[in-house]
Amino acid sequence: MADEPGKAKKYTEVIWYGRGGQGAITASQLVAEAACIEGYKGITTAPSFGAERRGAPVAAFLRLSREPIRIFSQVTDPNIIVVLDPTLLPILDLRTRFDKNCTVIVNSTRDPVELHLDGFRKMGIADITSVAVENGLTIAGVAILNTPILGAFVRLTDLIGMPSIETAIKNKFGGGKAERNLAAARIIYDSTRIYERG
Amino acid sequence: MKKLTAVTMPDKEYMLPGNRSCVGCGLSIAYRHGLKALGDSVILTVPASCLTVLQGMYPVSSMLVPCLNTAFETTAASAAGIRAGLDALGKRDVTVVGWAGDGGTSDIGIQALSGAAERNTDFIYICYDNEGYMNTGTQRSGSTPYGAVTSTCPSGKLEHKKDMPMIMAAHNIPYVATVSPSYPIDLYEKFTTAKHMKGTRYLHLLIPCPPGWGYDPRYTVKIGRMAVLCGMFDLYEIINGKLSFYGPSLRIATGEPREPVEAYIRAQNRYRDVSMEVVEMLQEWVDKKWESYKKMGYCETD
Amino acid sequence: MKEDKGPTSGCDHITASSTPATGEGGRTGDWRVLYPVISRDGCVVAKTGKPMCYMCWMFCPEGVISKTVPPEINLEYCKGCGICAEECPSKAITMVQESGE
Amino acid sequence: MSIEKKGDCMTCAEKVLIMTGNHAAAYAVKLCDVQVISAYPITPQSPVVEKLMEFVESGEMKAEYVAVESEHSAITVCISASVVGARVFTASCANGLALMHEMLHWAAGTRLPIVMAIPNRAVAAPWNILNDQQDSISQRDTGWMQIYCRNNQEILDTVIQAYRIAETVMAPVMVCYDGYVLSHTLMPVNMPDEKLVREYLPPYRPHTVLDPKSPRNINPVTLADPRMNAEGVLCHGYMELRSLLQKSLLGSVSVVAEAGREFGRIFGREYGIYDSYRTEDADLLMVSIGSLASEAMDTVDNMRAAGMKIGVMHLRLYRPFPAEVIAKAVRETGCRGVAVLEKNVSYGYEGAVCSDLKAALFDHGVDVFAHSYILGLGGRNVSVSDIEEALNRSYGYLEKKGPDRIKGQEWINCRV
């Protein structure tokens with residue numbers, strides 16, 4: 001688990017960042033579905049509250065626990081941060097806002113130093129956009145990143161197994177669409193580069 | 001079809017005597033015959049109005065039809081709810097009727113009415129227009145005509161009345177008709193036509209009101225006739241967008257001269273102090289209205 | 001001493017719901033200042049023996065005039081508006097001052 | 001009941017689905033075989049009615065859906081459809097609920113068992129679309145019952161119970177849950193079996209029906225004093241009819257308790273008038289309505305770990321106010337003080353729940369202090385530590401005596 005000694009957190013907390021339409025909220029919900037399949041008793045996920053606009057930065061929050069979750073406040077101190085769109089990184093300023101013990105997952109072709117994200121305990125980087133495009137996951141020319149990024153999430157966090165994620169994806173998308181999403185998620189699972197602090 | 005006359009109109013009274021309507025009430029005449037035409041399988045909904053008073057206080061009702069009293073601005077919404085409830089319970093044969101005054105229709109109730117008409121809700125809406133808030137002491141409404149004195153325009157109203165039937169016609173509903181209690185046969189027939197149609201049907205009744213308009217109650221029917229003959233109020237129906245005039249209004253449309261409005265105005269105390277200028281303004285309003293009927297092609301004879 | 005406030009209401013309604021009856025507003029004939037008198041001889045229907053008029057029945061706001069030959073007026077509820085007299089095509093109805101007693 | 005019991009149903013195999021609070025409300029409405037739905041969209045309520053529209057259009061639900069032009073019309077449609085004899089549903093919040101205000105009185109005064117879902121939202125001005133409970137609290141005097149929920153399972157279960165309660169008491173019920181906080185948060189929800197719901201909730205039988213076969217004039221002008229009908233029976237005046245509403249509401253606390261108990265028997269999740277968490281031996285009680293009471297459980301765990309004896313009481317039923325039940329429950333904990341945390345203010349005084357609770361404690365001779373804390377207005381984030389701050393402030397008053405225990409209401413995490 002992502003919890004560090006001395007940081008007595010009851011729940012695993014995740015923030016998903018993306019732009020409206022990229023699928024940050026859906027990605028969080030798919031993990032929630034998968035967690036339900038795996039019998040987690042505590043699962044909550046919500047978008048950042050308020051009006052959402054296409055293109056604008058959005059956030060989704062996820063809490064997971066083997067015990068029921070009783071709080072619904074927005075996550076401010078996450079264990080895991082997922083960034084679907086690398087162009088958000090300068091705005092998000094993760095290094096100054098969040099604890100270095102976080103696990104960070106970024107859609108990018110670069111490495112942590114180039115992204116100015118060195119220093120986080122654990123990082124996973126994958127070229128989600130290319131894989132999404134290669135697998136035909138686009139709507140109106142925009143790459144849909146919500147399913148491929150789950151491959152990286154599973155690989156990095158060890159919270160959910162790939163089979164439950166696959167079931168969640170199949171439940172959400174039917175037929176060939178599900179297959180393309182599954183294929184992309186599997187490719188990312190295998191191709192995610194993992195960086196850990198020494 | 002056998003021609004309808006007083007003799008062939010149904011005898012059964014749905015409005016019971018000994019009710020609280022004013023002496024010489026024009027609404028009572030329209031209500032009596034309207035209910036006859038609507039028949040037995042009907043549910044009414046009525047907002048705050050003279051009709052609330054006519055229908056009587058708990059626990060006694062002065063009519064043989066069921067009615068739900070509702071808030072001032074809600075007649076059309078209330079009718080929509082009755083319709084939805086009946087449909088959900090499979091009682092599609094019951095006719096739903098909202099019956100409201102001109103304030104309840106053209107002022108506070110226009111939002112709900114416009115919404116229901118846009119949805120083409122299956123009900124009949126009846127606006128009885130006595131040209132002001134007559135139940136509460138004669139205040140002005142959007143339907144009060146130019147020059148008329150009310151308790152909230154003591155020097156006479158400075159705006160012309162709102163053309164509610166045409167506003168409803170602009171909603172493209174299947175049926176819009178204007179009715180006067182001075183022409184009960186026409187009234188009965190239009191109610192009957194409306195009853196046999198589906199969708200939103202709108203009937204606009206000009207109702208002479210002895211206390212509100214200021215005339216001897218015995219003249220209610222006469223005043224109503226004068227309004228039609230001078231062209232202040234016109235009898236027509238619009239079925240699926242096609243307008244046709246009735247009786248005296250048809251004669252005017254086909255070339256008979258209108259009576260001057262002055263006699264109609266001078267017969268009512270609400271216009272007591274109006275100058276000739278106001279009379280001319282009203283005459284001009286009537287003339288222009290008829291000009292526009294012509295331009296719209298309503299006066300063509302075929 | 002306890003003031004007598006009258007009897008307790010005895011119905012089982014939880015919603016105000018009225019049932020129909022004539023005379024909801026009381027004996028509205030009491031509102032009348034003038035009362036209508038129909039002249040048997042002057043009435044079109046009585047004169048001709050044909051059921052062809054009934055203008056008084058049609059225009060009565062109260063529904064208190066019968067569709068009979070000749071028409072009869074229920075004076076218990078007639079409010080005395082005089083519309084029947086005004087609309088009678090043969091002027092067979094006259095409005096007469098109530099005695100005041 | 002407590003949240004930990006979730007999914008422990010002994011009598012039925014329930015499917016667990018991940019859903020928002022809004023969808024939980026919509027699924028409950030479907031399970032209750034509601035016949036007429038009328039609503040007007042407002043954030044954050046819209047997903048409730050969007051989901052219902054989906055059910056109706058797909059034929060999953062046999063209901064008339066009236067897409068009206070305002071909230072005022074939405075509640076009016078529900079009122080008249082209910083008088084005809086249909087089971088009805090609406091949902092609204094914030095300014096939409098305020099627009100309904102007039103008709104809320106009509107609904108209660110006509111004694112109609114309407115159920116309305118309210119994802120609580122702040123009322124303008126200034127504009128704010130986020131959560132607090134000012135909207136439903138502002139409607140507390142309309143004759144509607146109000147039940148508050150702590151999570152999505154409670155929303156689903158409470159809507160089902162609400163119909164049973166409403167149709168027994170013959171009064172309308174608001175099912176209130178925090179907007180966004182619950183309305184837009186997905187969590188696991190056990191889906192009750194529809195056959196069992198039908199067993200729990202018999203078909204609606206109206207007491208007074210609009211029907212051409214028996215013409216009645218409903219809600220006519222009613223005099224102050226009783227009046228005779230045509231058969232010579234003395235019928236109620238306005239005051240008698242209003243008194244009957246009040247009597248029914250006051251007597252409905254046991255109906256709510258019975259509905260919650262019976263729900264537990266059939267579905268394995270029992271509900272009461274209030275919920276308590278670690279209240280035994282508590283010196284201080286945190287009292288609240290809605291999701292705050294859930295979050296406070298985590299706060300209290302932390303504070304208990306630090307040696308502070310604090311418990312949580314969630315007032316599930318707010319109207320009618322279960323004064324006797326609550327006063328007794330507070331007395332039985334043996335606590336010395338109560339901190340009422342709420343997302344509403346009776347402007348010019350204090351939190352509304354606090355005032356009501358104080359009156360109950362006073363009437364029943366429970367000699368503890370009650371402090372009012374306002375927090376989370378207009379969606380201001382409420383963290384476990386915000387709740388802790390309020391509780392710490394009141395904890396400091398436990399040793400004080402007499403008038404020293406009294407203090408004015410305070411706003412938490414408010415920077416003026």
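Predicted model: local features only at pLDDT ≥ 70, side-chain atom pairs only at ≥ 80, totals over all residues.
Residues are numbered from 1 along each chain as its sequence is written, chains are lettered from A and ligands numbered from 1 in the order in which they are written, and side-chain values use heavy atoms, with hydrogens and water left out.

Contact means heavy atoms within 4.5 Å. Four pairs of chains are in contact, and chains B and C share the most contacts. Chain A has no contact with chain B; their closest C-alpha atoms are 27 Å apart. Chain A has no contact with chain C either, and here the closest C-alpha atoms are 42 Å apart.

Chain C and chain D do meet. The interface brings 15 residues of chain C into contact with 24 residues of chain D. About 1,600 Å² is buried between these two chains, and carbon and sulfur atoms give 56% of that area. Buried area is the accessible area (1.4 Å probe) that two parts lose on being put together, summed over both. Of the area that chain C buries against chain D, 37% comes from C:Ile14, C:Thr15 and C:Ala16, more than from any other three residues.

One salt bridge is counted between chain C and chain D. A salt bridge here is a side-chain nitrogen of Lys or Arg within 4 Å of a carboxyl oxygen of Asp or Glu. The side chains involved are those of C:Glu24 and D:Arg227, at 3.0 Å from N to O. By class, the side of chain C that touches chain D has six nonpolar, eight polar and one charged residues. In this scheme, Ala, Val, Leu, Ile, Met, Phe, Trp, Tyr, Cys and Pro are nonpolar, Asp, Glu, Lys and Arg are charged, and the others, Gly among them, are polar.

C:Ser17 has D:Ile218 as its bridge partner in E9(D). Strands are DSSP runs (E, at least two residues), numbered from the N terminus, and two strands pair if DSSP finds at least two bridges between them.

Chain D also holds an open sheet of six strands, in the order E12-E14-E13-E16-E17-E18, with mixed pairing. Its edge strands, E12 (274-277) and E18 (410-411), each pair on one side only. E12(D) runs antiparallel to strand E14 (residues 310-315) of chain D, joined by four bridges. There, D:Asp275 is partnered with D:His314 of E14(D).
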